[in-house]
Structure formats: structure tokens, C-alpha cells
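Hello,

Here is the structure for you to look through. My notes follow below it.

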Amino acid sequence: MTQTPLSTPVPHPTTPPLAASARGLTKTYGRGDAQVHALRGVDLDLPAGRFTAVMGASGSGKSTLMHCLAGLDQPSAGSVSIAGTNLEALSDDALTRFRRDHVGFVFQAFNLLPMLTAGQNILLPHELAGRKVDADVRARYDEVSAILGITDRLGHRPGELSGGQQQRVAIARALVASPAIVFADEPTGNLDSDASAEVLGFLRRSVRELGQTVVMVTHELDAAAYADDVVVIADGAIRAHLVDPSAEQLVATLRPGGATR
Ligand SMILES: Nc1ncnc2c1ncn2[C@@H]1O[C@H](COP(=O)(O)OP(=O)(O)O)[C@@H](O)[C@H]1O
Ligand SMILES: [Mg+2]
């Protein structure tokens, strides 16, 4: 170890701002013999402006983690903060408003309303919140639609769009409010490989070009390869948080017994 002279100023660590963070996050379902420990004290920091994949076997707690981080589900213990706001300090109403303004969610099943056009679906959360679609919102809508490559599809209903296009509309809907973080739970789970690649490419563009923070659950290595960072979860605990891993590093970590913290 080298000794630092006392006169040398201690450099400030250059920690990026956090989009989300969890401490001691625990979720237990059921009681007694039927108890399931879905999350066992998860500590996690997700820096802003990154595309993070969450990987793990089926039943490892990925969806539970996403739902607790997004404030869609209440943890049994522990805390979550999004963009510096502690979720457990919020009342139910305040949490609903906070989620609406700062959190985006993309589901495997698109969840678009079939009777509305793509464009109407994208603006629906905004209108449900009783907000005017002013020039700023319109500009963001145009920008997000262009980045997701759906500008020429906005007048079509979901039934007239391919699966990949429908998911890109769902992503645009999540992005239009400029949320602090977007959670996507297996967003390509219902798509074939071509459509998956297309959606993942556009999702990555939203991180690169809009500075968006995206956290995506996937169990596919191909999908995780689009992400900057990879969080590996097993049996309700974080096994690894890889920053910019190489393909070899990722494969080695995912190999049974290979993950270390
Ligand atoms: N509502 C629930 N009630 C009881 N057990 C649940 C519930 N939701 C999830 N679980 C259990 O919690 C564990 C983690 O589930 P989940 O977070 O959905 O995993 P993943 O998304 O990684 O497949 C599993 O054992 C699952 O069966
Ligand atoms: Mg799941």
C-alpha cells in the first residue's frame, strides 16, 4: 500500500446520480409452511442514464424486485428510493402521483387499448392525469416516436401493428412523461427474435439519445447483451452487479456457481 501525503487533497468519488436504490429489500409471500421468500434483503443502486438488465432463473424474484422498485408492490421490509425520493414515506395517493410522474413500466403483454390509435395510447396516461397536451408534451411525443421508429404508425390501431411495433408504442407511452426510470419486465417475451432485436435496439437508443434510465428483466443472454450493466439475481438475492461486462464475463457469471459479488 502506498502512503498518501497528508497535503494531498482526497479526491471526491465521482458517483453518478442514482435513478433508483434499494436497501434491505425483503418480500415474503404467504405464512407458515406456505411462506415464499421472494426477496431476501436486496441492496441495489441503479445509476441514471444506464441500461441495466436483470437476469435470473424463473422464480428467482425478478418481477417481485421490479414491482417493489417501481412502487407497484409493497416490500415486507426495506426501503426503495427513486430519484432521491423514499417511496415508503409517501401516502397511497402521493405514491400513485409519484409513479405517474416519475416511473414508466413496460409489460410483456404490451397492454395497449385496442380501440385507440397508437398515438392516443401513448398520450393516454397524460390525459388520464388531467394534463393538457401542450407544446412541450407534443415535442416530447414527436421525439420519442421518432426514436422508437413509429412516427408513421401513430394513426394505426394496435391490431394493425406487428408485435414489435406494438411494444415500441408501449415503450413510447412509458417514455413520454420523461420518467426518472423505466422498468421493463421481459419486454420481448412475446416477440420472435427479429422483433426482439428491433425492440431492444430501440430501447437502447432511448437510453443513448434521450439519456433515459432503463431496467429490463430478461432471461435471455441475447437480450442482456444490449444492456450496459447486468444484475444477476438468484433465489431472491443479488449474486452479481456487472458494469459493462464482456460477453465472456457475463457467460462465466451466469454459469451455475459462477456468480460472485
Ligand atoms: N403473489 C404471489 N404470491 C405468492 N408467491 C408469489 C407471488 N408472486 C411471486 N411469488 C413467488 O415468489 C418467487 C419469485 O417470483 P417472481 O418475482 O415472479 O420471479 P421471476 O420474475 O424471477 O420469475 C417465486 O417463488 C414465486 O412463486
Ligand atoms: Mg417474472
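**What was found**

By class, the shell around ligand 1 has three nonpolar, eight polar and one charged residues. Here Ala, Val, Leu, Ile, Met, Phe, Trp, Tyr, Cys and Pro count as nonpolar, Asp, Glu, Lys and Arg as charged, and the others, Gly among them, as polar.

The model is predicted: local features need pLDDT of at least 70 and side-chain atom pairs pLDDT 80 or more, while totals for chains, interfaces and linings use all residues. Residues are numbered from 1 along each chain as its sequence is written, with chains lettered from A and ligands numbered from 1 in the order in which they are written.

The residues around ligand 1 include Tyr29, Val36, Ala38, Lys62 and Thr64. A residue counts as near if its C-beta atom, placed from the backbone, lies within 6 Å. β2 (36–47) and α1 (62–69) each supply at least two residues of this shell. α1 gives the most, with three. Helices (H or I, at least four residues) and strands (E, at least two) are DSSP runs, numbered from the N terminus.

Now helix α4. Its buried residues are Tyr141, Val144, Ser145 and Ile147. The face turned away carries exposed residues, among them Asp136 and Arg138. Buried means 20 or more other C-beta atoms within 10 Å of a residue's own, exposed 12 or fewer, partly exposed in between, with C-beta atoms placed from the backbone.

After α4 comes Gly149, whose phi is positive, near 65°.

Best wishes
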